[in-house]
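This briefing describes one protein model, topic by topic. Please look over the sequence and the structure first, then read the points below.

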Amino acid sequence: MNIRPCRFDHPDAVKLNDQVQLEYAERYGDGGDVTPLDPTMFDPPHGLYLLAYDELERPVATGGWRTQDRNAHGYADGDAEIKRMFVIPEGRGRGLARRMLAALEDDARAAGRVRMVLETGDRQPEAVALYTSSGYAVCEKFGHYREYESSICMAKPLRQP
């Protein structure tokens with residue numbers, strides 16, 4: 001697998017984002033994740049968006065982080081928020097999400113962020129298992145879906161206290 005930075009509006013990123021939105025809609029019976037995202041949110045040094053390609057140069061996984069600081073949505077100063085973690089169904093079970101997550105954490109840490117946060121949902125047990133096994137713990141709710149019962153918010157320190 002070849003992981004490389006790209007823009008959130010890159011055609012391959014858009015293709016995988018469309019796929020993950022369909023999966024969200026299927027799992028939750030709605031229109032997908034409507035969190036407002038702008039491609040510039042992921043531009044270094046305030047974030048990073050990654051695409052993973054297989055040996056045939058097909059996009060198979062995606063993920064990004066964006067800077068968050070204390071605001072009315074429940075974030076804290078120094079937060080980096082994971083967005084759009086996704087592996088196509090044919091690529092699952094090979095550790096791609098774990099590699100993508102590690103790359104995002106390393107980059108956010110290098111950018112000076114102190115905590116990685118994410119929102120997932122109760123109909124994504126695979127995601128919850130990945131994050132839990134990667135050191136994330138449920139935390140106080142934040143973000144766009146903080147008032148939704150199905151929302152699960154998780155956090156992991158990026159630096160030792």
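Six aromatic pairs are present in the structure; rings of Phe, Tyr and Trp (its six-membered ring) pair if their centres lie within 6.5 Å. The model is predicted, so local features need pLDDT of at least 70 and side-chain atom pairs count only at pLDDT 80 or more, while totals for chains, interfaces and linings use all residues. Residues are numbered from 1 along each chain as its sequence is written, and side-chain values use heavy atoms, with hydrogens and water left out.

**Aromatic rings**
- One of the pairs is formed by Phe8 and Phe42, with 5.1 Å centre to centre and 40 degrees between the planes.
- This pair is tilted; planes under 30 degrees apart count as stacked, over 60 as edge-to-face and the rest as tilted.
- Phe8 is in the loop between β1 and α1 and Phe42 in the loop between α1 and β2, so the pair ties together parts that are 34 residues apart in sequence.

**Sheet and helix**
- Seven strands form an open sheet with mixed pairing, in the order β1-β2-β3-β4-β5-β7-β6.
- Helices (H or I, at least four residues) and strands (E, at least two) are DSSP runs, numbered from the N terminus, and two strands pair if DSSP finds at least two bridges between them.
- β1 (2-5) and β6 (137-138) stand at the edges with a single partner strand each, so one side of each has no neighbour in the sheet.
- Strands β5 (residues 115-121) and β7 (residues 151-157) run antiparallel and are joined by seven bridges.
- Arg115 has Pro157 in β7 as its bridge partner.

**Largest pocket**
- The volume of the largest pocket is about 850 Å³, where a volume is the space filled by probe spheres set on grid points joined across faces, edges and corners.
- A pocket is an open set of points on a 1 Å grid over the protein atoms alone, where a 1.4 Å probe fits, with protein on both sides within 12 Å along at least five of seven lines; lining residues have an atom within 4 Å of a point.
- Of its 36 lining residues, Tyr24, Met85, Thr120, Gln124 and Ala127 are the closest to the centre.
- β4 gives the largest share of the lining, six residues.

**His46**
- His46 is in the loop between α1 and β2.
- Leaving aside residues up to four places away in sequence, His46 touches Met41, Trp65, Arg66 and Thr67 (contact means heavy atoms within 4.5 Å).
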